[in-house]
Amino acid sequence: MNIRIGQGFDVHAFGDGDHVMLGGVRVPHERGIVAHSDGDVVIHALCDAMLGALALGDIGQHFPPSDPQWKDADSRAFLRHCQTLIGERGWQLGNADITVICERPKVGPHAAAMRQLLAGDLGLAEDAVSIKATTTEKLGFTGRGEGIAAMAVCLLVRA
């Protein structure tokens, strides 16, 4: 088979702070993220999708929150690690599609910057990285403004 598909999901609660990291971009917000690393749900979901396509577990297995070396870590390092694993196994990332789920912050004004940064980190054209957002119509923990989530899917092709 010359293709593989992976899907990922991540969620973090809001806590103290003045911004959230989304797709490597610092997005101003009246709350921060409760997380061991920088809590970037976009990158965490994408890493899980990449690892899933390789059948290599999940981000928590590769970067356990119990390990102090990952405290406040930049999630872009996780992404680069996953990209390396893909290449080492003879695959390349074809595209990625990511959906952020939250009422706030508004993702749209930052989506282009996220796409540009992620595409650069992954060696992809910007049109191979999709960032979009949705709300839950004020339902559930995201609707109540308690946290943020992201879903990602990616396609791997034989290099």
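This is a predicted model: local features need pLDDT of at least 70, side-chain atom pairs count only at pLDDT 80 or more; totals for chains, interfaces and linings use all residues.
Let's begin with helix 3, which covers residues 75-88.

Which residues of helix 3 are buried? They are S75, F78, L79, C82, L85 and I86. These residues cover an arc of only 120° around the axis, which means that they sit on the same side of helix 3. There is a simple background to this pattern: an α-helix has 3.6 residues a turn, so residues three or four places apart point the same way. The cover over the buried residues of helix 3 includes helix 1 (41-53), helix 2 (59-62), strand 5 (91-101), helix 4 (108-122) and strand 7 (147-158).

After the helix comes G90, with a positive phi near 85°.

Next, look at the loop between strand 5 and helix 4, where you will find E103. Is E103 buried or exposed? Its relative accessible area is 14%, and buried means under 20%, so E103 counts as buried.

The side chain of E103 reaches the backbone nitrogen of K138 at 2.9 Å. A polar atom of that side chain also lies 3.4 Å from the backbone nitrogen of E137. Leaving aside residues up to four places away in sequence, E103 touches T135, T136, E137, K138, T142 and G143.

## The largest pocket

The largest pocket has a volume of about 210 Å³. Its lining is made of 13 residues, and S37, H44, I59, F63 and P65 are the ones nearest its centre. Strand 1 (3-15), helix 1 and helix 2 each give two or more residues to this lining.

Most residues other than glycine have a negative phi, and most peptide bonds are trans. Where does this model have a cis peptide bond? One joins R104 and P105, with omega about 5°; P105 belongs to the loop between strand 5 and helix 4.

Two residues other than glycine have a positive phi: A55, at about 55°, and E137, near 55°. A55 is in the loop between helix 1 and helix 2, while E137 is in the loop between strand 6 (129-134) and helix 5 (140-143). A55 counts as exposed, at 65% relative accessibility, and E137 is exposed at 65% too.

Key
Residues are numbered from 1 along each chain as its sequence is written. Side-chain values use heavy atoms; hydrogens and water are left out. Helices (H or I, at least four residues) and strands (E, at least two) are DSSP runs, numbered from the N terminus. The expected span of a helix is 1.5 Å times one less than its number of residues. Buried means under 20% relative accessible area, exposed over 50%, partly exposed in between (1.4 Å probe, protein chains only). The arc is that of the directions from the helix axis to the C-beta atoms. Contact means heavy atoms within 4.5 Å. A polar contact is a pair of N or O atoms within 3.5 Å; within protein, one must be able to donate a hydrogen and the other to accept it, and residues adjacent in sequence count only if both atoms are side-chain atoms. On a 1 Å grid over the protein atoms alone, a cavity is a set of points where a 1.4 Å probe fits but cannot get out, and a pocket is an open set with protein on both sides within 12 Å along at least five of seven lines; lining residues have an atom within 4 Å of a point. Grid points are joined across faces, edges and corners, and a volume is the space filled by probe spheres set on the points.
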